[in-house]
Amino acid sequence: MKLLLIGYGKMGRTIEAQALSRGHQIAGIIDPSHPDVKLADFGSHNADVAIEFTHPDAAFANVTACLRQGLPVVCGSTGWLHRFPEAKALAQETGGSLFYASNYSVGVNLFFHFNEYVAAKMHQFGGYDVQVREIHHVHKVDQPSGTALTVAEGILRHYPEKKTWRNDAAESPQELAILSERSGEVVGTHIVTYSSSADVLELKHEALSREGFAHGAVLAAEWLPAHQGVFGMKDLLGL
Ligand SMILES: NC(=O)C1=CN([C@@H]2O[C@H](COP(=O)(O)OP(=O)(O)OC[C@H]3O[C@@H](n4cnc5c(N)ncnc54)[C@H](OP(=O)(O)O)[C@@H]3O)[C@@H](O)[C@H]2O)C=CC1
Ligand SMILES: O=C(O)C1=N[C@H](C(=O)O)C[C@H](O)C1
């Protein structure tokens with residue numbers, strides 16, 4: 001397949017290596033480091049799918065440009081989901097293909113799945129409070145992480161007394177705490193802690209490199225062109 005890379009930073013470069021190792025071609029690279037290459041010049045005539053990992057402030061414009069240009073787009077940028085409903089509506093209006101995941105790692109998506117099961121059971125049997133903690137490298141611009149927000153949504157679905165999340169210690173039982181730490185070059189660690197007066201149960205995912213994210217993004221790019229609509233990892237993995 002011919003893949004258009006939008007964003008050529010830590011993720012774009014890791015995805016390029018992964019894509020080449022799976023026999024794909026790079027149709028182009030859209031990034032400030034390649035100023036002569038323009039997203040407007042790409043469409044279904046010269047690329048099969050775009051993979052977008054840029055910045056919270058850039059993702060919406062890139063995704064919507066791809067949809068308008070008839071290019072299926074796999075997006076991994078976090079921190080822009082307040083605009084996701086508009087992107088979704090455009091995908092439906094244009095008959096396009098959009099894939100989004102806050103985290104493309106297969107392991108993290110299993111973690112989301114198991115965490116929802118645990119949240120439902122913990123709430124059913126009672127007595128357990130819950131909090132989320134995420135640790136990332138110091139270069140990360142958004143907080144909390146997109147992954148922590150997906151974890152939090154999964155918990156809030158099963159803890160109806162919690163009305164919202166708070167990116168700090170909870171100030172009331174109605175809030176789910178998401179604690180964020182920035183440290184060195186930590187790739188991405190997420191921990192969910194369920195605690196009662198008697199015991200503590202923790203679920204933890206620790207990314208050791210960006211390979212898992214890149215692998216999932218390339219799998220999504222291989223899958224997406226044959227599907228019209230808006231999709232996520234549950235569709236790809238059958239979860
Ligand atoms: N869903 C997932 O599985 C994962 C998601 N992410 C998310 O992906 C995003 C990128 O992460 P990462 O690669 O680590 O970040 P980097 O900062 O390493 O790379 C981002 C790249 O995008 C470039 N860029 C900025 N604006 C634009 C634009 N308008 N068009 C094209 N390129 C642009 C940046 O250029 P410049 O530096 O010059 O601004 C930079 O080269 C983040 O939102 C991160 O949270 C990260 C890992 C996994
Ligand atoms: O910025 C990162 O690095 C990461 N971002 C994603 C997120 O915000 O959840 C995924 C992963 O944790 C790495």
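Helix α1 (residues 10–21) has twelve residues, which at 1.5 Å a residue should span 16 Å; the end C-alpha atoms are 17 Å apart, which agrees. The expected span is 1.5 Å times one less than the number of residues. Helices (H or I, at least four residues) and strands (E, at least two) are DSSP runs, numbered from the N terminus. The model is predicted: local features need pLDDT of at least 70 and side-chain atom pairs count only at pLDDT 80 or more, while totals for chains, interfaces and linings use all residues. Residues are numbered from 1 along each chain as its sequence is written, and chains are lettered from A and ligands numbered from 1 in the order in which they are written.

In α1, the residues M11, G12, T14, I15, Q18 and A19 are buried. A residue is buried if 20 or more other C-beta atoms, placed from the backbone, lie within 10 Å of its own. Seen down the axis of α1, the buried residues fall within an arc of 165°, so they line one face of the helix; the arc is that of the directions from the helix axis to the C-beta atoms. These buried residues pack against β1 (2–6), β2 (25–30), β3 (49–52) and α6 (211–223), contact being defined as C-beta atoms, placed from the backbone, within 7 Å. Just after α1, G23 takes a positive phi of about 85°.

An open sheet is formed by six strands in the order β2-β1-β3-β4-β5-β11, with parallel pairing. Two strands pair if DSSP finds at least two bridges between them. Strands β2 and β11 (229–231) are the edges, each pairing on one side only. Within the sheet, β4 (residues 73–75) and β5 (residues 97–100) pair in the parallel sense over three bridges, and V74 stands opposite F99 in β5. Helix α2 (residues 59–68) packs on the sheet, touching β1, β3, β4 and β5, and its direction makes about 165° with that of β4. Axes are lines fitted to C-alpha atoms, for helices over the stretch in contact, and angles run from 0 to 180 degrees between N-to-C directions.

A cis peptide bond, with omega of about -5°, joins Q143 and P144. P144 lies in the loop between β6 (129–136) and α5 (146–156). An unreviewed UniProt entry places the feature "binding site" at H137, G146 and T147; such annotations may be inferred rather than shown by experiment. G146 is in helix α5 and counts as buried because 20 C-beta neighbours lie inside 10 Å. T147, also found in helix α5, counts as buried with 26 such neighbours inside 10 Å.

Methods:
Buried ≥ 20, exposed ≤ 12 C-beta atoms within 10 Å, placed from the backbone. Contact = placed C-beta atoms within 7 Å.
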